Amino acid sequence: QQMKLTMRDALARGQFELHYQPLVSLQTRHVTGCEALLRWRHPERGMIAPSEFIPIAEETGLIVPIGAWVLQQVCLQASSWPEHVSVAVNLSPVQFKHPKLVKAVADAISAARLNPARLQLEITESVLLDESEHNLELLQQLRELGVKIAMDDFGTGYSSLGYLRSFPFDKIKVDRTFVRDLPEGKESLAIVRAVAGLGQSLGMMTTVEGVETEDQLKTVNAEGFDEVQGYIFSRPLPASEISKLIADGP
Ligand code: G
Ligand code: G
Ligand code: MN
Ligand code: NA
C-alpha cells in the first residue's frame, strides 16, 4: 500500500533508472545489443528490483507511464551507442493491452531519431495468452514501425509453439531455467537443442539467457545459438558502465 503511494511520485522524482545487460554474439564475441532492466532507487529502501514493484505498477496502471518513460530512455540511450548495437525492452501484459502502446513506441523512436530496427520489444508468452487475433494484429502494427519482436522467457508459458506458428518473431530467448542445470541436465539439453533447431528452421534469431559458467557457454555454443546473455559476460550495469563495455568488449 505504501509502495503504491510512493510509486506515483517516483517517476516525477527521477527515482527510476535503467540498467543494461549485454547480449553477446557467439560467432564474433561482440556485444550485439543490451537488454534494459528497470530499477527503482528508493530514497529509504535503496535499490528495488522489478520483481518487487512491477506487479504493483501493473495493478495500478502506473506501468503505462513508467513504460513510456522506459521506451524514451532506451531509445535515447541506444542512439548514443554504435549503430550495430541494439536495445531490448520488456513489455508487460498491461502495457501490451493499452491502446496507446504503438504510439508510445513510435514517439520514443522518432524523438530519439533511432533507427527502429535497433529496438527490440521482448514479449513473454503470458502476454499473448488471450485475444489472440487482436494480439497478432498488434504485433503486426509494431512490426510495421520497423522494430524487432522477441519472444522472451521461451518455454515457460502455455501457447508458445502456437504463437511461433502464427507470428514471425524475429528472436526467441530461451528462458534461463533451461540453462541452470546444463551441461548435465539431459532434459534441459534436449529442450535447448530442440529450440535452437526450431529457431533455425523458422529463421528466427536464438538467444540463451542465464549463462553463468564456461561449461554452459560451451554447451549452448555447440548447439548453435546466435547469442548469449548471462552473468558469464556481465550482470546488468548502469548506462555509464555499459557504454565502456560496448567499446572495450565483454
Ligand atoms: O534483473 P531483473 O530482476 O532486472 O528483471 C526481472 C524481471 O523484471 C524481468 O524478467 C523483466 O521481464 C522485468 N522487467 C525489467 N525491466 C522491465 C521494464 O522496464 N518493463 C517491464 N514491463 N518489465 C521489466
Ligand atoms: O526479462 P527477463 O526475465 O528475461 O529478464 C532477464 C532476467 O534474468 C533479469 O532479471 C536478469 O537480471 C536475469 N539474469 C540475466 N542473466 C542471468 C544469469 O546469468 N543468471 C541469473 N541467475 N539471472 C540472470
Ligand atoms: Mn527480457
Ligand atoms: Na527471460
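The questions and answers below go through a predicted model of a protein chain with its ligands.

In this predicted model, local features need pLDDT of at least 70 and side-chain atom pairs count only at pLDDT 80 or more, whereas totals for chains, interfaces and linings use all residues. Residues are numbered from 1 along each chain as its sequence is written, while chains are lettered from A and ligands numbered from 1 in the order in which they are written.

Q: What radius of gyration does the protein chain have, and what would a compact globule have?
A: The C-alpha atoms of the protein chain fill a box of roughly 50 × 45 × 35 Å along the principal axes. The radius of gyration is taken over C-alpha atoms, and the globule rule is 2.2 Å times the number of residues to the power 0.38. For 250 residues a compact globule would come near 18 Å, and this agrees with the protein chain, which has 18 Å.

Q: Which residues have the most contacts inside the largest nonpolar core?
A: A residue is buried if 20 or more other C-beta atoms lie within 10 Å of its own, exposed if 12 or fewer, and partly exposed in between, with C-beta atoms placed from the backbone; on this count, 39% of the 250 residues of the protein chain are buried. A nonpolar core is a set of buried Ala, Val, Leu, Ile, Met, Phe, Trp, Tyr and Cys residues joined through C-beta atoms within 7 Å. In soluble globular proteins, nonpolar side chains tend to be buried together. Here the largest nonpolar core has 65 residues, and those with the most contacts inside it are Ala 36, Val 74, Cys 75 and Val 89.

Q: Which element gives the most to this core, and with how many residues?
A: Helices (H or I, at least four residues) and strands (E, at least two) are DSSP runs, numbered from the N terminus, and the protein chain comes to 10 helices and 10 strands. In helix 3, the buried residues include Ile 63, Val 70, Val 74 and Cys 75. The element that gives the most to the core is helix 3, with 8 residues.

Q: What distance separates the end C-alpha atoms of helix 3?
A: The expected span of a helix is 1.5 Å times one less than its number of residues. For the 17 residues of helix 3 this rule gives 24 Å, and the distance between its end C-alpha atoms agrees, at 24 Å.

Q: With which residues is Cys 75 in contact, leaving aside its neighbours within four places in sequence?
A: Two residues are in contact if their C-beta atoms, placed from the backbone, lie within 7 Å. Cys 75 is one of the buried residues of helix 3. Beyond its sequence neighbours, its contacts are Ala 108, Ile 109, Ala 111, Ala 112, Leu 114 and Leu 119.

Q: How many charged residues does the shell around ligand 1 have?
A: A residue is near a molecule if its C-beta atom, placed from the backbone, lies within 6 Å of it; 13 residues surround ligand 1, the closest being Leu 37, Leu 38, Pro 50, Asn 90 and Ser 92. Two or more residues of this shell come from each of strand 2 (31–42), helix 2 (50–60), helix 3 (63–79) and strand 4 (86–91). Ala, Val, Leu, Ile, Met, Phe, Trp, Tyr, Cys and Pro count as nonpolar, Asp, Glu, Lys and Arg as charged, and the others, Gly among them, as polar. By these classes the shell has 9 nonpolar and 4 polar residues, and the number of charged residues is none.

Q: How do the residues of the shell around ligand 2 divide, and how many are charged?
A: Ligand 2 is surrounded by 15 residues, of which the closest are Asn 90, Gly 210, Glu 212, Gly 230 and Tyr 231. This shell has 4 nonpolar and 5 polar residues, and the number of charged residues is 6.

Q: Is Arg 113 buried or exposed?
A: Arg 113 lies in the loop between helix 5 (101–112) and strand 5 (119–124), and its phi is near 50°, a positive value in a residue other than glycine. Because Arg 113 has 9 C-beta neighbours inside 10 Å, it counts as exposed.

Q: Is Val 220 buried or exposed?
A: Val 220 is found in helix 9 (residues 214–222). Leaving aside neighbours within four places in sequence, Val 220 is in contact with Val 192, Val 208, Val 211, Phe 225 and Val 228. Since 27 other C-beta atoms lie within 10 Å, Val 220 is buried.
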